[in-house]
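Please have the sequence and the 3D view open as you read.

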Amino acid sequence: MDNTIIEYFLSLIKIDSESKNEKAVAEKLEKDLEELGAEVLFDNAHQRTGGNVGNLYAYIPGSINKPPILFCAHMDTVKPGNGINPQIKDGLITSDGTTILGADDKSGITEIIWAIKELKESGEKHAPVEILFTISEEIGLKGAKHLDYSLIRSKTGYALDSHQVGRLSIGAPSQNSLKFVVRGKESHAGVAPEKGINAIRVAAEAIAAMPDGRIDSETTCNVGIIKGGKATNVVPNEVIIEAEARSHNKDKLKKVSDEMCQAFREVVKKFQVGKYKAEVEIKVKEEYQAFRLNEKAEVVVLAKDAAEKLDIEFKTEIGGGGSDVNIFNQHGLLMAVAGSGMDKVHTVDECIKISELEIGAKWMLEIIREYSK
Ligand SMILES: [Zn+2]
């Protein structure tokens, strides 16, 4: 293994691992974890997600009789994530501007591995540790959704997949995705527009009638994709709209989702030419459920105590996005999302400070120590 945490991080981000292509990085991690005394195995999640490797699960036996504590990160990156050429200047690591950096989430992986490395080198007694590196997080939390949960013995733990070290997300909203296919009737736009039903027009009226943006402090919704039409001289007969709704409150999520659907159902009724009626086909899919941890939960207290020992400013927050942790909590684990130092993620300006990587690893090590007491 590399001599410094920086070298280790750089070696990971140089391995291409856009979603569904995590195999190369997974094989390196398997080798490194085995070197650190872990038992490593893979599940078969990729058979259902279409990737080239499953979720990586590792167990590090402890010398203290306690259930294990779980540390997670995801192995995949968003695009453009191939051929990353890192640059270091004034303590900041960036890409060369043509790709993302991959600190999301290889900073999380690095800090977990480094914490274990230092734990092993110290020779101190510790509780058992479980590590989970998931696949295809960035394309719908697919690795977590198809994980073999019978592997996990921990009750609680952390996913390192957020910005500043010392921040702990203890809540996130539920999300629904909504797809509307509006069907009208095709006709020549110059010769016989009155014989057509313009699906774009129908969709536009429905979107205008829908709730949009921030609904209240807990709830948001957004139309993000609209596709349709073939040519300006054709009255379009189909348009597809994709949208999402999020809320920390289950009832509010249902209400806003219902209102979005109702807007389409009402508007299509207004469009009819002869025996042809406009139609809408609606699909609502639950992507993940909200979670909210108590400030007094063990997972919060451990992170706080560990941060204080290291003089890291600690703060809990409620996130607006979903992550693997939503899925883990749905399966009965009590998990929080810890900051690992990544910044400007999902852009070519993505970066991380070397100091954040170093302190992030120390924070995780200190959490293991606190848990092992
Ligand atoms: Zn991430």
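Two strands are said to pair if DSSP finds at least two bridges between them. Helices (H or I, at least four residues) and strands (E, at least two) are DSSP runs, numbered from the N terminus. What you see is a predicted model, in which local features need pLDDT of at least 70, side-chain atom pairs count only at pLDDT 80 or more, and totals for chains, interfaces and linings use all residues. Residues are numbered from 1 along each chain as its sequence is written.

With those terms in hand, find I88, which stands opposite I93 in strand 5. Strand 5 covers residues 92-94 and pairs with strand 4 in the antiparallel sense, over three bridges. Both belong to an open sheet of three strands, in the order 4-5-21 with antiparallel pairing. Strand 4 (87-89) and strand 21 (351-353) each have a single partner strand, so they stand at the edges and one side of each is left without a neighbour in the sheet. From one strand to the next, the twist averages 20 degrees; such angles run from 0 to 180 degrees between N-to-C directions, and axes are lines fitted to C-alpha atoms, for helices over the stretch in contact.

Now look at what lies against this sheet. Helix 10 (residues 354-372) packs on it, touching strand 5 and strand 21, and its direction makes about 65 degrees with that of strand 21. Here, two residues are in contact if their C-beta atoms, placed from the backbone, lie within 7 Å.

Helix 10 also has a helical partner. Two packed helices are described by the angle between their axes and the distance between the axes. Helix 4 and helix 10 pack at an angle of about 55 degrees, with their axes 8 Å apart. The two are therefore oblique to each other, given that angles under 35 degrees count as roughly parallel, over 145 as roughly antiparallel, 65 to 115 as roughly perpendicular and the rest as oblique. Among the residues that meet are I112, W114 and L119 in helix 4, with L357, M364 and I368 in helix 10.

Of the 83 residues in the largest nonpolar core, I112 and A336 touch the most other members. A nonpolar core is a set of buried Ala, Val, Leu, Ile, Met, Phe, Trp, Tyr and Cys residues joined through C-beta atoms within 7 Å. A residue is buried if 20 or more other C-beta atoms lie within 10 Å of its own, exposed if 12 or fewer, and partly exposed in between. Leaving aside neighbours within four places in sequence, A336 has contacts that include Y158, L168, I170 and V325. A second, separate core of 22 residues includes F180, I241, V268 and A278.

A few backbone details deserve a visit. The peptide bond from K79 to P80 is cis, with omega near -10 degrees, and P80 is found in the loop between strand 3 (69-74) and strand 4. Another cis peptide bond joins D104 and D105, with omega about 20 degrees; D105 sits in helix 4 (residues 103-122).
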